[in-house]
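Work through these exercises with the sequence and the model side by side. Try each task before reading its solution.

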Amino acid sequence: FIGVKKDRQADQKPKIYDPENLTLSYSYNQVEKHNYEIESYNDEQVVTNVNYTYAFEPKTVEPLKKNAFLSKSSYWKLLQDFNFNYLPTNINFNTSINRQYNRQQFRQVDIVGIPPSALYKRNYLFNYQYGFNYNLTKALKINYNVSSSNIITNYLDENNDPINDVNLWTNYFDAGEANTHSQQITLNYDIPLYKIPFLSFVKATYSYIGDYSWLKTSRALSDITIDGVNYDLGNTIQNANAQKLNATLNMESFYKYLGLNKDKTKIVSKPVAPPKPGEKITQPAQIQAKSANAFVETMIGVLTSVKNIQINYAESSGTVLPGYTPGIGFFGTTKPTLGFIVGLQNDVRYEAAKNGWLTAYPNFNMNYTTVNTETLNYTANVDLFPDFKIDINADRLKMDNYSEQYDVSNGIYNPR
């Protein structure tokens with residue numbers, strides 16, 4: 001069953017709790033075989049998906065739009081256009097149960113002795129994603145997404161030995177333990193500088209992407225015991241952000257606002273009397289109207305030779321912190337700090353060590369790492385004379401990388 005859902009009636013008003021918001025999918029596959037070498041082979045796979053999505057009706061509030069005082073001057077337009085939405089655009093939640101069970105028993109062929117044991121393979125996964133889109137204002141849009149992948153190990157006992165009686169359907173809705181978790185927030189903003197009259201020539205946009213991920217360490221390397229002391233080696237967390245600022249400057253609009261326009265020479269015809277009968281008609285002489293001062297015209301031409309300017313700035317940063325012992329909740333976490341979760345690069349090492357969130361293993365040798373890259377480029381179009389144009393391009397790149405190992409003693413972070 002793929003994409004099973006209940007259709008909404010034409011006259012039915014959508015509600016957040018409607019079953020029409022759900023889409024269900026289910027599939028089951030089984031393969032059985034045997035031959036000369038294989039006594040029995042059984043492979044089963046089941047996938048169950050539940051998807052929920054709901055789109056809200058836009059609720060834009062513009063409290064100052066009809067204000068008479070603000071309508072008197074264009075300089076108040078930025079304030080008059082203030083608006084916000086008190087509802088998100090849409091929300092979604094998707095979950096997937098994916099289980100595979102495989103049992104294979106070989107025959108004892110041409111060998112006398114202890115028969116071979118059956119081989120088992122199990123992959124039990126519980127994955128889910130959720131998020132929302134939110135147009136906070138007409139210019140500011142926010143997108144948030146979370147994705148988690150859980151592993152179910154209900155077929156292992158407390159000693160990590162397999163329990164062969166566990167099959168595909170045992171504790172089918174068990175969510176298991178988180179294996180990977182990631183979340184991303186995206187912000188896009190059209191900076192409304194153009195609504196200010198003397199900055200109407202500027203079009204600027206800003207975007208921010210913040211990422212956070214939590215990665216569980218392998219079961220074999222999760223801890224170590226030395227001299228009777230057990231050390232938790234922790235998991236790995238990392239974050240990153242990417243910021244972009246783009247601005248386009250239409251300089252011709254700026255010059256027009258300042259009144260820096262070159263006066264073009266006007267051609268006028270000398271008035272003549274009507275031709276007499278039999279008189280030959282000739283083209284009337286044209287007279288050039290007096291133009292403004294040539295030096296002033298030249299200076300205006302030089303000052304207004306730059307027609308367009310494009311500025312692009314981008315910065316990306318990231319931090320990797322291994323040895324982080326806390327787990328992750330079903331809906332995520334705010335540890336080590338909320339700023340770190342949304343991609344900010346505040347230093348969290350010392351606070352995490354103080355709270356006991358970093359491994360105390362004295363010989364821990366995984367690296368704490370930070371990276372930063374900044375890029376600036378701009379282009380300018382210069383038109384000095386007719387058929388003589390200049391394109392100016394400039395770029396600047398800066399990169400910083402830092403890496404260190406550490407140990408923690410008595411809640412104090414020690415770089416080494």
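**Exercise 1. Find the residues that are linked with Glu62 in a network of salt bridges.**

Solution.
- Step 1. Apply the rule: a salt bridge is a side-chain nitrogen of Lys or Arg within 4 Å of a carboxyl oxygen of Asp or Glu.
- Step 2. Glu62, Lys65 and Lys138 make up the network.
- Step 3. Check one link: the closest N and O atoms of Lys65 and Glu62 are 3.8 Å apart.
- Step 4. Classify the two residues. Buried means under 20% relative accessible area, exposed over 50%, and partly exposed in between (1.4 Å probe, protein chains only). Lys65 is partly exposed because its relative accessibility is 48%. Glu62, at 27%, is partly exposed too.

This is a predicted model: local features need pLDDT of at least 70, side-chain atom pairs count only at pLDDT 80 or more, and totals for chains, interfaces and linings use all residues. Residues are numbered from 1 along each chain as its sequence is written, and side-chain values use heavy atoms, with hydrogens and water left out.

**Exercise 2. Compare the burial of Arg349 and Asp347.**

Solution.
- Step 1. Arg349 and Asp347 form a salt bridge, with the closest N and O atoms 2.5 Å apart.
- Step 2. Arg349 has a relative accessible area of 10%, so Arg349 is buried.
- Step 3. Asp347 stands at 42%, so Asp347 is partly exposed.
- Step 4. The salt bridge count comes to nine.

**Exercise 3. Work out which parts the pair Asp81 and Lys195 ties together.**

Solution.
- Step 1. The side chains of Asp81 and Lys195 meet in a salt bridge, 3.3 Å from N to O.
- Step 2. Asp81 lies in the loop between helix H1 (77-80) and strand S4 (84-85), and Lys195 in the loop between strand S8 (177-191) and strand S9 (202-215), so the pair ties together parts 114 residues apart in sequence. Helices (H or I, at least four residues) and strands (E, at least two) are DSSP runs, numbered from the N terminus.

**Exercise 4. Describe the lining of the second largest pocket.**

Solution.
- Step 1. A pocket is an open set of points on a 1 Å grid over the protein atoms alone, where a 1.4 Å probe fits, with protein on both sides within 12 Å along at least five of seven lines; lining residues have an atom within 4 Å of a point.
- Step 2. The second largest pocket holds about 280 Å³ of space.
- Step 3. It has 13 lining residues, and Asn83, Thr137, Ala139, Pro192 and Lys195 are the closest to its centre.
- Step 4. By class, the lining has seven nonpolar, two polar and four charged residues.

Conventions:
Points joined across faces, edges and corners; volume = space filled by probe spheres on them. Nonpolar A, V, L, I, M, F, W, Y, C, P; charged D, E, K, R; others polar.
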